[in-house]
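Colleague: I would like to learn how to read a model like this one. Please take me through it feature by feature.

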Amino acid sequence: MMEPSPAKRSPEGSLFTPDELAQWRASLSEANRTNIFCHCRQCDREWIASTEETCVCGSRSVQHIACWQFPDD
């Protein structure tokens with residue numbers, strides 16, 4: 001994870017400079033576009049996709065969660 005630059009903190013107390021915040025947001029955006037955890041509520045199938053898909057069982061009742069929300073450990 002990106003470390004904040006203490007010497008560059010804004011007067012409002014933000015942990016990131018505007019450039020660091022923009023970079024962090026871009027990284028999350030990219031993760032959201034390419035890593036979506038999908039869970040079918042009908043057949044309980046789970047998979048990773050790069051788009052919000054319907055299930056192979058035909059169900060549209062699919063939960064979509066951005067993978068960055070899961071810890072690595």
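**Reading the model**

Modeller: Of the 73 residues of the protein chain, 25% count as buried, where buried means under 20% relative accessible area, exposed over 50%, and partly exposed in between (1.4 Å probe, protein chains only). This is a predicted model, in which local features need pLDDT of at least 70 and side-chain atom pairs count only at pLDDT 80 or more, while totals for chains, interfaces and linings use all residues. Residues are numbered from 1 along each chain as its sequence is written, and side-chain values use heavy atoms, with hydrogens and water left out.

Colleague: Which elements does the protein chain contain, and in what order do they run?

Modeller: Helices (H or I, at least four residues) and strands (E, at least two) are DSSP runs, numbered from the N terminus. Here the protein chain has one helix and three strands, and from the N terminus on the order is α-β-β-β.

Colleague: How do I read the sheet, and in which order do the strands stand?

Modeller: Strands of a sheet pair through backbone hydrogen bonds, either parallel or antiparallel. Two strands count as paired if DSSP finds at least two bridges between them. In this model three strands form an open sheet in the order S2-S1-S3, with antiparallel pairing. S2 and strand S3 (62-66) are at the edges with a single partner strand each, so one side of each has no neighbour in the sheet. On average, neighbouring strands of this sheet are turned by 25 degrees against each other, direction ignored; the axes are lines fitted to C-alpha atoms, for helices over the stretch in contact, and angles run from 0 to 180 degrees between N-to-C directions.

Colleague: How many bridges join S1 to S2?

Modeller: Four bridges join these antiparallel strands, S1 and S2. Ile36 stands opposite Ala49 in S2.

Colleague: What is the phi of Asp44, and is the residue buried or exposed?

Modeller: Asp44 has a phi near 70 degrees, a positive value in a residue other than glycine. Asp44 sits in the loop between strand S1 (36-40) and strand S2 (46-49). Its relative accessibility is 53%, so Asp44 counts as exposed.

Colleague: Which residues does Cys67 touch?

Modeller: A contact means heavy atoms within 4.5 Å. Not counting residues up to four places away in sequence, Cys67 touches Asn35, Ile36, Phe37 and Ile48. Cys67 lies in the segment after S3. Cys67 and Phe37 are 30 residues apart in sequence, yet 5.8 Å apart in space, C-alpha to C-alpha.
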